[in-house]
Amino acid sequence: MGKCIIIGKFNEDQVLEEYAQKIPSPSNRVDFASLHLFPAIVSEFGGVDNMDTELMNLKNRRVVVIGGGVAGSLLAKSLQFHADVTLLDPKEYFEIPWASLRAMVEPSFAEGSVINHRDYLTNGRIITSRAINVTDKEVLTAEGRALVYDYLVIATGHLYSVPRTRTERLSQYETENEKIRSAGSILIIGGGPTGVELTGEIAVDFPEKEVTLVHNGSRLMQFIGPKASNKTLDWLRSKRVEVKLEQSVNLNSVSDGSRTYQTSAGETIEADCHFLCTGSPLGSAWLKETFLKDKLDIHGRLMVDKNLRVKDHSNIFAIGILPIFQQLWPNFGKPSQHHQSFGNKTLLREESVESLAEKALLGLNINNYKPKEIKQGYPAQKHAEVVATNLKLLMGGGKESKMATYEPQSMKAIVSVSLGRREAVAQLPFTTTIGHIPGMIKSRDLFVGKTRKRIGLDPHIVHE
Ligand SMILES: Cc1cc2nc3c(=O)[nH]c(=O)nc-3n(C[C@H](O)[C@H](O)[C@H](O)COP(=O)(O)OP(=O)(O)OC[C@H]3O[C@@H](n4cnc5c(N)ncnc54)[C@H](O)[C@@H]3O)c2cc1C
């Protein structure tokens with residue numbers, strides 16, 4: 001019987017974790033023998049020596065996790081007592097991304113949302129560097145180290161330019177906060193969820209500031225429905241935010257210290273400072289010169305199968321916002337089912353139209369349509385859980401056919417965007433709502449406590 005079954009049967013993961021931590025010192029057996037379930041677990045292994053050997057084997061499996069963001073950090077934490085885990089990340093900390101905008105108006109909030117990797121990864125190796133290459137055996141870092149792996153998990157999500165240490169990151173929030181406090185007028189560029197949430201935080205905490213939000217789309221937050229966009233627009237305007245749609249700001253024409261910004265529509269905006277919220281590129285450019293390059297789609301996403309393994313690679317997984325699911329691989333299934341022709345271009349369905357409704361309006365066939373997954377934290381955490389389960393199974397000698405499968409979350413999943421400390425706009429399957437009720441769920445602590453708990457930390461450090 002494999003270890004995973006034993007763990008499941010006795011629900012004593014903790015016992016095994018503690019035991020695994022202490023081997024190979026034989027003296028520890030005395031302590032553990034006193035645990036009432038221990039003899040039963042030992043007998044499942046066929047004796048304490050076998051248990052030692054099997055757990056040692058498990059711990060000798062080298063798992064390298066590239067990227068210590070939402071998905072990678074949870075995965076590394078989940079496997080730390082089950083394998084020899086190495087987490088590779090350019091920064092020394094995991095940051096809860098959805099708390100970052102609150103931290104700009106209240107820097108002490110980041111005390112709970114910027115977490116040193118070492119605080120939750122107590123039994124793994126942490127390498128503070130970037131992956132620059134990968135072969136079928138090892139990962140190469142920017143500092144020239146080679147990390148040999150038996151299993152590899154790629155979780156490089158987005159590429160952010162953030163400081164290396166937690167202390168530097170906390171001090172960066174102080175600087176940004178000072179920038180907001182000392183400005184009379186603020187320009188926010190980009191009306192996606194990040195730009196909207198930042199605008200909401202500033203409008204609520206600093207109602208005296210003149211805030212302008214410029215967005216190049218025809219409506220705010222195009223990843224959700226028009227109702228949510230319109231309600232958000234009304235809310236922002238009720239807070240005296242000036243919102244300019246279908247315009248962009250030419251930052252090249254802004255010299256240092258200048259307060260004048262030109263928009264693509266020829267308008268001039270005066271502001272003491274600006275914040276750029278136009279999104280970050282995917283963190284997969286480094287894969288383009290590697291042996292995995294043909295597993296990337298044109299957007300830089302990695303093709304994964306239903307078990308979240310990279311196409312054709314039985315020991316490499318991809319999680320977080322990076323994977324593109326099997327149903328959407330180029331040339332997967334019948335081309336006519338998954339591609340749509342527009343003039344001389346053939347596009348993947350998910351790129352061709354924004355929503356099923358719009359697609360139907362265009363008269364396109366929506367049968368068998370598999371929507372792309374919303375790029376949010378919840379699915380990223382789910383990916384980590386599925387891959388942790390699969391790796392435990394594979395490392396324990398389980399059959400590939402028994403691996404857990406992952407079903408992409410629907411684009412109709414619940415989406416909530418906070419609007420300051422108390423309010424939010426939420427798109428639910430059958431309705432869209434804005435105000436204090438959705439705000440009660442998300443906006444107070446922004447799920448920081450819950451996220452900390454998920455990686456085994458005290459949830460209560462959050463500043464109220
Ligand atoms: C400001 C903001 C607000 C958000 N708000 C919400 C929200 O309210 N709700 C929600 O569900 N989602 C929200 N999201 C989205 C959510 O954060 C992402 O979906 C989630 O972070 C994706 O997880 P990930 O692990 O794939 O990538 P990330 O969390 O982006 O992590 C990627 C990690 O990979 C590392 N990395 C990159 N390149 C390399 C390399 N070459 N080598 C090694 N490491 C590398 C990075 O340093 C980073 O640590 C928000 C995102 C942002 C930025």
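What does the accessible surface of the protein come to, and what percentage of it belongs to carbon and sulfur atoms? The accessible surface comes to about 21800 Å², and 51% of this belongs to carbon and sulfur atoms; areas come from the Shrake-Rupley method with a 1.4 Å probe. This is a predicted model, in which local features need pLDDT of at least 70 and side-chain atom pairs count only at pLDDT 80 or more, while totals for chains, interfaces and linings use all residues. Residues are numbered from 1 along each chain as its sequence is written, and side-chain values use heavy atoms, with hydrogens and water left out.

**Overall make-up**
- The protein has 18 helices and 23 strands, which are DSSP runs (helices: H or I, at least four residues; strands: E, at least two) numbered from the N terminus.
- Of its 464 residues, 50% count as buried, meaning under 20% relative accessible area with a 1.4 Å probe, protein chains only.
- Of the contacts (heavy atoms within 4.5 Å) between residues at least 6 apart in sequence, 61% join residues at least 24 apart.

**Nonpolar cores**
- A nonpolar core is a set of buried Ala, Val, Leu, Ile, Met, Phe, Trp, Tyr and Cys residues joined through side-chain atoms within 4.5 Å.
- The largest one has 62 residues, of which Val139 and Ile154 touch the most other members.
- Elements that each supply at least two residues of this core include strand 1 (62-66), helix 6 (70-79) and helix 16 (377-395).
- Helix 16 gives the largest share of this core, nine residues.
- Leaving out residues up to four places away in sequence, Val139 touches residues including Val64, Leu88, Arg145 and Tyr149.
- Another core, of 37 residues, lies apart from it, and Leu101 and Val241 are among its members.
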